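Let's take a friendly walk through this protein model. Have a look at the sequence and the fold first, and then read on.

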Amino acid sequence: MQINILAGAPTELWPDDLFQEPGLWIGADRGAWRLYERGLPMMMAVGDFDSLTDAELATLQAHLQANEIMHVQAEKDETDTELALLYAQRQQPDQIKVFGATGGRVDHLLSNLWLMANPVFDAIVEKTQFIDRLNVVSYVKPGEKEVHQIPGTKYLGFMPLNDVKDFQIIDAKYPLSLTDNVAKMWSSNEFKADIVHISFKTGIVMVTQSKD
């Protein structure tokens, strides 16, 4: 089962084929309204909905069943995207794709991209992608791993999210071997073939594949 989450970041960063994605939808805050506008069914709408007008929120509440909307107070520890991911994780999906979570406020962007470093999401670290028009962000747990090139992307980047030890980029255009953790985005690498091999012993590594 694939679950898609639509958050409320700028629509100009949506992939062109966004609403052709298979699977079930969760709307996070204004993302729920955008799903409603396009007539797409939601398994859940979640958030404080502070980006909606009173009329929009009332319309959304009237459209959904009580068990299809999770309306939380604005003063909370979790972001709306985080709440959507927690709900998605409980459904035990095979894959989670998050859209509308990049662009706009940089604090929201960084908060979203670092969510997979939270141990609470351990079960979905390698199942989750953040996707926009130019980028696909995924996550890798320790071990010897393969990164498969996504069609249309050119650039490859790696960012240790926490205490990553003995990180190696083995067969990309620019190999790398680190003993200790370095809090740096190793960006602008490239594939030499369809697969790049990496390895590391601890932590979580964020992998970015991008196009201009």
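## A pair of strands

Strand S10, residues 168-169, pairs with S11 in the antiparallel sense over two bridges. Strands here are DSSP runs of E with at least two residues, helices are runs of H or I with at least four, and both are numbered from the N terminus. Two strands count as paired if DSSP finds at least two bridges between them. Within this pair, glutamine 168 stands opposite serine 177 in S11.

This is a predicted model, in which local features need pLDDT of at least 70 and side-chain atom pairs count only at pLDDT 80 or more, while totals for chains, interfaces and linings use all residues. Residues are numbered from 1 along each chain as its sequence is written, and side-chain values use heavy atoms, with hydrogens and water left out.

## The sheet around the pair

S10 and S11 belong to an open sheet of four strands, ordered S8-S13-S10-S11 with antiparallel pairing. Its edge strands are S8 (143-148) and S11 (176-177), each pairing on one side only.

The protein is divided into domain 1 (1-133) and domain 2 (134-211), with bounds from an automatic or database domain assignment. Their centres, taken over C-alpha atoms, are 26 Å apart.

Where do the domains meet? Contact (heavy atoms within 4.5 Å) joins 14 residues of domain 1 to 15 residues of domain 2. Across this interface the rule finds two salt bridges, each a side-chain nitrogen of Lys or Arg within 4 Å of a carboxyl oxygen of Asp or Glu. The side chains of aspartate 122 and lysine 141 meet in a salt bridge, at 3.1 Å from N to O.

On the side of domain 1 that touches domain 2, helix H4 (106-113) and strand S6 (128-131) each supply at least two residues. The largest share, four residues, comes from S6.
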